[in-house]
Amino acid sequence: MAGIDWPGLFAWSTRHHDGTAPSQFSVMTDEDRKFLEKALEEAFGKIEDPNKMMQEAVQQIQSPDRNDTSIITALEVIDKCCDDLDCARNVDKLGGIQTLLDLCDSHGGGIRIRTLEILALLFANNIKIQEVGIKRGALQLFVRMIKSAKKGSDERGKALRALVSLIRSIEAFEVAFLRQENGVALILECLDPEEDPSTREKAASFVRSLADDERLEAADVEKVSNRVAALYNKNLENETLQYREILASCASVLACVCADQVSEELQNAISQRLEQLEEANDPDGEQEMASLRSGFLAVTVQKSTTLKSTA
């Protein structure tokens, strides 16, 4: 069976230059992506085995003759192959994980960002591939990228998403991140009020998961709850509804699961935000309010219990 018509797929890039000089692009425009998606649909229609397509894409990235065009095109092929569950399971057998990690390390800009997006997709809820990633040093790579990326950058946000997908819900991996990679300090960086909102949102969602699964120690809870409280000092009306709801859910879980450890600052922040929501009486704030009320109740009960035990 014939393989992929790679020259045909590469045609999307010709609009960037006349062929006499290297292309200077870093990411595809919407027009380019539509062109390539159409070409990929035609290519997939001619090839019965997506594993074959992924293997060819991996080989394109590994090729000594690779360039930005071939790499970006191959990444889009891999992304489309991930829709096939068999491909997602076989990605390491096809050489995909190590190749993508190496690419992430060797290239910056749009190529690194797209690679991080695909790795996050491959690791998400895929225990076998998460295990492969850990063995191949993905945790250390992602931690290094988050630390080195500029605050507020897309690269930092995508590296965080890839890291969370790699370790989420697997106790040994999350503990290794927290204890061996100074993970709490990294989370605090990503929760910085001056960080990009989408990165803060992802970090808050991860904190909620860690607290719910009881991965955080008492000292961790105090530091994290203080930083979450600081986010309530910003004008939340400038943030998206989803951001506000996730932040409230994070604050609530911290208060409910770690009521005796959560900081006074977060307790006050929850109370003040509830007052704002009750005064606004906005139907869109109902879910946020419900989460915060749960957290407020948990803290109130804990305070009452503490007072009775010391009486």
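Q: Great, let's start with Arg156. Where is Arg156 placed?
A: Arg156 sits in helix α10. Helices here are DSSP runs of H or I with at least four residues, strands are runs of E with at least two, and both are numbered from the N terminus.

Q: And is Arg156 buried or exposed?
A: Arg156 counts as buried, because its relative accessibility is 4%. The scale is under 20% relative accessible area for buried, over 50% for exposed and partly exposed in between, with a 1.4 Å probe and protein chains only.

Q: What is Arg156 in contact with?
A: Setting aside neighbours within four places in sequence, Arg156 is in contact with Ile146, Lys147, Ala149, Lys150, Lys151, Glu189 and Glu195. Contact means heavy atoms within 4.5 Å.

Q: Before we go on, what should I know about the model itself?
A: It is a predicted model, where local features need pLDDT of at least 70 and side-chain atom pairs count only at pLDDT 80 or more, while totals for chains, interfaces and linings use all residues. Residues are numbered from 1 along each chain as its sequence is written, and side-chain values use heavy atoms, with hydrogens and water left out.

Q: Good. Back to α10, how many residues does it have?
A: Helix α10 has 14 residues, 154–167. From first C-alpha to last it reaches 20 Å, close to the 20 Å expected at 1.5 Å a residue; the expected span is 1.5 Å times one less than the number of residues.

Q: Is α10 mostly covered or mostly open?
A: Mostly covered: twelve of the 14 residues of α10 are buried. Among them are Glu155, Gly157, Lys158, Leu160, Leu163 and Leu166, along with Arg156.

Q: Which helices do those buried residues pack against?
A: The buried residues of α10 pack against α7 (109–123), α8 (127–135), α9 (138–148), α11 (171–180), α12 (183–190) and α13 (197–212).

Q: Let's take the pair α10 and α13. How do their axes cross?
A: The axes of α10 and α13 come within 9 Å and cross at roughly 20 degrees. Axes are lines fitted to C-alpha atoms, for helices over the stretch in contact, and the angles run from 0 to 180 degrees between N-to-C directions. That crossing makes α10 roughly parallel to α13, a label for angles under 35 degrees; over 145 is roughly antiparallel, 65 to 115 roughly perpendicular and the rest oblique.

Q: Which residues make the contact?
A: On the α10 side they are Gly157, Leu160, Arg161, Val164 and Ile167, and on the α13 side Ser198, Thr199, Lys202, Ala203 and Phe206. By class, this contact has five nonpolar, three polar and two charged residues. Ala, Val, Leu, Ile, Met, Phe, Trp, Tyr, Cys and Pro count as nonpolar, Asp, Glu, Lys and Arg as charged, and the others, Gly among them, as polar.

Q: What about α6 and α7, at what angle do they pack?
A: α6 and α7 pack at about 145 degrees, with their axes 9 Å apart. Their contact has eleven nonpolar, one polar and two charged residues. Contributors include Ile97, Leu100 and Cys104 of α6, and Ile111, Leu119 and Phe123 of α7.

Q: Now the loops. What's the phi of Glu214?
A: Phi of Glu214 is near 60 degrees, positive in a residue other than glycine. Glu214 is in the loop between α13 and α14 (218–231) and is exposed, with a relative accessible area of 66%.

Q: And Asn281, where does that lie?
A: Asn281 lies in the loop between α16 (264–280) and α17 (286–310). Asn281 also has a positive phi, of about 50 degrees, although it is not a glycine, and at 64% relative accessibility Asn281 counts as exposed.

Q: Last one, the whole protein: how many helices and strands?
A: The protein has 17 helices and zero strands. Of its 311 residues, 51% count as buried. Among contacts between residues at least 6 apart in sequence, 71% join residues at least 24 apart.
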